[in-house]
Amino acid sequence: MNEEETVVTPWEVKGKLDYVKLIEEFGTKPLTKEIIDKLKSISGGQHHLMIRRKLFFSHRDFDLILNLYEEGEKIVLYTGRGPSGPVHLGHYVPWIFTKYLQDVLHAKLYFQMTDDEKFLFHRNLTLKETKKYTIDNALDVIAAGFDPKKTKIIVDSENISYLYKIALKVAKNITFSTMKAVFGFKASTNIGLIFYPAIQAVPAFLEMELTGERTYTLIPCAIDQDPYWRITRDVAAKIGYTKPASIYNKFFPGLLAEGKMSSSIPESTIYMTDRDEDVKMKIMNAFTGGQPTIREQREKGGNPEICTVFQYLYFLFEPRDDKIREREKACRKGEILCGECKQYLIDKIIKFLGEHRKKRKRAESLLDKFLMK
Ligand code: TYM
């Protein structure tokens, strides 16, 4: 049987995802117990759910960031979104964690909206459309609860005057052959995309540029964005800035078996703006680890490790450790059926999205405060 090749780039994620292998291939580091214990002690609380369940799993220099924070240095957060459509639950994962880090590290956040990147990448998207999604997606970002006094949303095409001088310094220090090696660019790639990574590097340096202070940037995101940080880190010292650190989450899975949640398969994707009926329909059709018949399920039990419904509960929707353990056991023993788990998850997601909807509505009046002027 031909196994589908695994590909993880900022523009494509496919095949079976082996996160141990990805750490090796990308040259990042695993999040060790020592590091997460330090984060816990700085936070003064419990391990965050996404750390406990290992949704965040890898990093570059996150340990250094924690040390620097303890030494009283200023930490700045940076993350972003490519506005090519509505926001889904997968995108929301790093934002939930970034909000937690903002609280723990008392940090400013630069949030980049790359309407330029998405315009350049998607043949059919106009700048007007990426701009429309920028505003739409910004409401989801704000709804994640970031501190309006400490957060700035940068819209590339609007705020280019802040970005361009730094982007030039970055671009001057990267050759086309590096870009080909890191991003797989070809002779047929449009030249906008070839320059674009210099723009994505900029917010990692922006605070230093604007304040003249030496600060340290931490970037929470999924591991697909790592190629950007490799080149950003390479040029940092050459152009007089500190190297950004990063912390990476795994991909939140799609609902139809293997693969990440992706906008290219809407039936496998829960959007932050889905209606209750959409959620019901999608979860009811989700891929589970259940047996084909109730009798077999009762006799043999299910397989939570391949079940998307179980993974959704595990990573996000069942924060209680005792309850998730009980559910796993009951599933393996055939004591619960997939329909029951699905209904439980539907109720959880509908509640979560209902709350999000209210926060998103409130975000409309805050938009102006968040957008970089
Ligand atoms: P974008 O819009 O593709 O993704 C937004 C954020 O979501 C992460 N992500 C996921 N996380 C979990 N599960 C998934 N299924 C999933 N799919 C995507 C991405 O890693 C990202 O963190 N080029 C970027 C925009 C950007 C950016 C940044 C992202 C600009 N500067 C700094 C992170 C940090 C993009 O198109 O992201």
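Contact here means heavy atoms within 4.5 Å. The model is predicted, with local features needing pLDDT of at least 70 and side-chain atom pairs counting only at pLDDT 80 or more, while totals for chains, interfaces and linings use all residues. Residues are numbered from 1 along each chain as its sequence is written, and side-chain values use heavy atoms, with hydrogens and water left out.

**View 1. Surroundings of Ile 153.** Not counting residues up to four places away in sequence, Ile 153 touches Phe 111, Met 113, Ala 138, Val 141, Ile 142, Asn 159, Phe 370, Leu 371 and Met 372.

**View 2. Gln 112 and its neighbours.** Gln 112 counts as buried because its relative accessibility is 1%, where buried means under 20% relative accessible area, exposed over 50% and partly exposed in between (1.4 Å probe, protein chains only). A polar atom of the Gln 112 side chain lies 3.2 Å from the backbone oxygen of Ile 199. Leaving aside neighbours within four places in sequence, Gln 112 is in contact with residues including Tyr 78, Arg 81, Ile 154 and Tyr 196.

**View 3. Residues around the ligand.** Among the 26 residues around the ligand, those that come nearest are Tyr 78, Arg 81, Gly 82, Asp 224 and Phe 252, a residue being near if one of its heavy atoms lies within 4 Å of the molecule. A nitrogen atom of the ligand is 2.7 Å from a backbone N or O atom of Phe 252, and a ligand nitrogen atom is 3.2 Å from a side-chain N or O atom of Asn 249.

Conventions
A polar contact is a pair of N or O atoms within 3.5 Å; within protein, one must be able to donate a hydrogen and the other to accept it, and residues adjacent in sequence count only if both atoms are side-chain atoms.
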